[in-house]
Amino acid sequence: MPSQKRARRSAGLLLFRRPAGRPDGAVGDAAVDDGAGFEVLIGHMGGPFWAGRRSAAWSIPKGEYGPEEEPAAAARREFEEEFGRPAPEGDGVPLGEARQSGGKTVTVWALESDLDAGSAVPGTFTLEWPRGSGVLREFPEVDEFAWCTPREAAERLVTGQRVFLDRLREYLADGRVTPGRDGA
């Protein structure tokens with residue numbers, strides 16, 4: 001009997017904030033140019049594979065979970081593991097799921113909060129580096145967090161996660177998110 005390969009699933013939290021002080025919620029020149037009136041918190045993936053890359057090398061704080069864990073609970077757990085601090089309180093807005101090019105299905109919730117990106121204390125992972133050297137090294141899961149306008153985030157995020165920016169923009173515009181999957 002052939003073995004069944006478990007579908008890989010990830011869950012994450014996309015924090016957003018609507019900066020105060022301006023009628024459109026914008027902050028700084030980038031936000032004014034973007035016109036979105038909100039920013040999202042994303043992280044640059046750590047480790048040697050992503051070092052030096054800026055474009056398509058960032059991610060929504062997320063991680064894999066198994067069949068025994070609820071996706072929303074996994075999203076909160078993974079946020080804490082990657083950011084190093086508990087996820088903010090509150091009910092997340094479900095942004096649905098999307099299938100990434102590697103076959104993993106990612107489910108994301110948006111949550112309004114204004115955390116200090118510099119307060120992150122990321123978790124680490126161990127990797128043999130350089131490859132084949134026998135030397136195990138620790139790397140941060142995420143080596144930098146930043147608040148970005150949706151336009152900036154779209155340039156930085158891996159391609160399969162960009163759809164969540166559109167869904168968040170849709171939600172903030174009319175209070176609804178079109179349910180369903182993208183790319184599956």
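Predicted model: local features only at pLDDT ≥ 70, side-chain atom pairs only at ≥ 80, totals over all residues.
**Stop 1: the largest nonpolar core.** Select Leu14, Val40, Ile42, Leu95, Phe164 and Leu168. These residues have the most contacts inside the largest nonpolar core, which has 23 residues. Now color the elements around them. β1 (9-17), β2 (39-45), β5 (93-99), β6 (105-112), β9 (142-148) and α4 (163-174) each supply at least two residues of this core. The top contributor is α4, with four residues.

**Stop 2: Leu168.** Center on Leu168 and show its contacts beyond four places in sequence. Leu168 touches Leu14, Phe16, Phe38, Val40, Leu95 and Ala110.

**Stop 3: the other core.** Next, select Leu15, Ala74, Ala75 and Trp109. They are among the 17 residues of another core, which lies apart from the largest one.

**Stop 4: along α4.** Which residues of α4 are buried? Select Val163, Phe164, Leu165, Arg167 and Leu168 to see them. Then check the helix span. α4 has 12 residues and reaches 17 Å from its first C-alpha to its last. That is close to the 16 Å expected at 1.5 Å a residue. Step just past the helix to Gly175, where phi is positive, at about 80 degrees.

**Stop 5: β5 and β6.** Return to the strands. β5 and β6 run antiparallel and are joined by five bridges. Pick Pro94; its bridge partner in β6 is Trp109. Trp109 also belongs to the core of 17 residues. Finish at the hairpin of β5 and β6, with five residues between the strands. Select Gly103 there: its phi is positive, near 100 degrees.

Conventions. Residues numbered from 1 in each chain as written. Heavy atoms only, no water. Core = buried A, V, L, I, M, F, W, Y, C linked by side-chain atoms within 4.5 Å. Buried < 20%, exposed > 50% of the residue type's maximum accessible area, 1.4 Å probe, protein only. Contact = heavy atoms within 4.5 Å. Expected span 1.5 Å × (residues − 1). Pairing = 2+ DSSP bridges.
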